[in-house]
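Please keep the sequence and the 3D view open while reading.

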Amino acid sequence: MPVTLVVGAQWGDEGKGRIVDYLAAGADGVARFGGGANAGHTVRVGDKTYKLRIVPSGVIAGVTCIIGPGTVVSPAALVKELSDLEGAGVDTSRVWLSDLAHLILPYHIELDRASERARGDVKIGTTGNGIGPAYGDRVARVGVRAGDLRDERAWRAALAARCAALAGSGVSVDDGAIASELASQAKLLLPHIRDTVELINDLLRSGKRIIAEGAQGSMLDVGLGTYPFVTSSVTVAGGAGAGLGIGPTRIDSVVGVVKAYATRVGGGPFPSELDDSTGQRLREIGGEVGTVTGRPRRCGWLDLAALRYAVDINGMTHLAMTKLDVLDSFDRIGVCTSYKSPPEISVPFAIAQGAACETTFLTGWKASIGGARSWEDLPAAARDYVAFVERHLSIPISYVSVGPERSQIIVRANAPLRIPASVR
Ligand code: GDP
Ligand code: IMO
Ligand code: MG
């Protein structure tokens with residue numbers, strides 16, 4: 001069972017990209033199963049920083065990369081990302097886009113903006129990448145897929161029909177301009193478009209290890225998250241099978257990536273939010289600014305009530321905790337251990353109804369941990385913090401990241417995948 005699945009355990013930006021980059025060195029492929037260029041996954045190797053949007057983070061390690069059938073892909077954004085990566089010296093010849101993935105076209109972006117405007121004061125705060133409207137078209141069976149680009153006459157006809165329908169409902173679109181841009185993007189993308197379902201299943205049959213890379217976070221899942229302040233895809237582990245065209249029996253471990261504190265970008269309730277100087281300090285030390293939109297991220301203490309829910313809905317087997325070093329200078333560190341809300345209410349409803357946190361404080365370690373490479377290198381108070389979370393969730397924290405650079409990671413004995421230093 002050779003798939004290691006990596007998912008965000010909170011509201012996104014947990015550091016999935018840096019964990020996937022680490023694991024990719026011991027794998028044969030990395031596959032994205034959902035979302036689009038709303039994601040921003042940062043990978044730092046030495047003094048180079050790479051920002052991935054839709055291309056899987058495994059591209060830096062140089063393994064086969066699959067953008068799966070469950071994703072929504074803007075041809076313009078993908079063309080730019082591939083060219084930026086090539087410009088930075090990264091080989092993109094093994095990046096494959098599923099012919100079943102749906103395309104995000106300029107009218108999806110217009111519709112995304114219009115729907116945000118129409119929401120008035122209760123905006124979702126989307127990334128403005130057309131994600132919701134593109135998934136909407138997929139479900140409404142009026143979408144255009146990457147594989148459609150193989151037949152220019154057919155996609156032109158489908159596009160014209162969709163634009164006419166939009167015009168009929170009052171959305172003005174310049175279908176001529178969209179078609180001519182798409183024709184030139186198609187030329188660049190067609191060499192990357194293929195059947196990725198057979199590709200991934202062949203790799204799995206021959207015993208290769210694949211990392212399935214999640215995007216966004218569990219609390220942003222369209223069904224199980226803090227609806228309607230969510231994205232439009234299935235972000236939890238259950239989305240990986242349908243999003244890649246593999247069966248659930250292929251997955252042997254589910255690694256949830258969790259920041260040592262909590263952040264959220266965009267609108268919506270956030271129980272452990274610190275709308276004060278402590279939140280501001282977390283934002284400054286953690287560099288909490290959105291990769292995609294440049295918006296400041298809202299910050300708060302780690303929320304174990306939401307995290308316990310995330311462990312359940314993903315069937316997480318292990319956790320990877322990132323950004324522990326951001327807490328280095330705090331005298332005491334808060335942890336939301338539960339909500340004051342009646343038990344019959346689901347977690348998303350409890351959060352929507354303004355769940356208040358029961359917060360416990362742990363003693364800070366007041367030391368710089370960026371150079372720690374083993375569990376024993378960590379100060380006792382930092383180990384206590386990690387152990388406290390493990391105890392509350394009954395799940396091992398197998399990776400602890402203490403800085404953004406590839407080597408700044410502690411891999412514990414119970415880790416599902418351990419990458420020998422020689423291949424990193
Ligand atoms: P993703 O979307 O889940 O991949 O996360 P992002 O890349 O959007 O945000 C995570 C940010 O934290 C990036 O800027 C990373 O370089 C940075 N980062 C990741 N791990 C660590 C860590 O352990 N310590 C610090 N200080 N920064 C980290
Ligand atoms: P990564 O993969 C953080 C949030 C947006 C908004 C909501 C809906 O980098 O962790 P959308 O554009 O998807 O319709 O926006 O979801 N959001 C993210 N927040 N990290 C992400 O991705 C996100 N992708 C979407 O801010 O609140
Ligand atoms: Mg991100």
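## A helix and what covers it

In helix α6, the residues Ile 178, Ala 179, Leu 182, Ala 183, Gln 185, Ala 186 and Leu 189 are buried, where buried means under 20% relative accessible area, exposed over 50% and partly exposed in between, with a 1.4 Å probe and protein chains only. The cover over the buried residues of α6 includes α2 (75-87), β8 (102-103), α3 (106-118), α5 (152-168) and β9 (193-194), contact being heavy atoms within 4.5 Å.

Helix α6 itself spans residues 175-189, and its 15 residues reach 20 Å from the first C-alpha to the last, close to the 21 Å expected at 1.5 Å a residue; the expected span is 1.5 Å times one less than the number of residues. Helices (H or I, at least four residues) and strands (E, at least two) are DSSP runs, numbered from the N terminus.

## How the model is read

This is a predicted model, in which local features need pLDDT of at least 70 and side-chain atom pairs count only at pLDDT 80 or more, while totals for chains, interfaces and linings use all residues. Residues are numbered from 1 along each chain as its sequence is written, chains are lettered from A and ligands numbered from 1 in the order in which they are written, and side-chain values use heavy atoms, with hydrogens and water left out.

Asp 13 is partly exposed, with a relative accessible area of 23%, whereas Gly 40 is buried, at 11%.

## Ligand 1

A polar side-chain atom of Asp 13 also lies 2.9 Å from an oxygen atom of ligand 1, and a backbone N or O atom of Gly 17 lies 2.8 Å from an oxygen atom of ligand 1. The protein covers 91% of the 590 Å² of accessible area that ligand 1 has on its own, by the Shrake-Rupley method with a 1.4 Å probe; for residues, only the protein chains shown count as cover.

Note on methods:
Polar contact = N/O pair within 3.5 Å; in protein donor to acceptor, adjacent residues only side chain to side chain.
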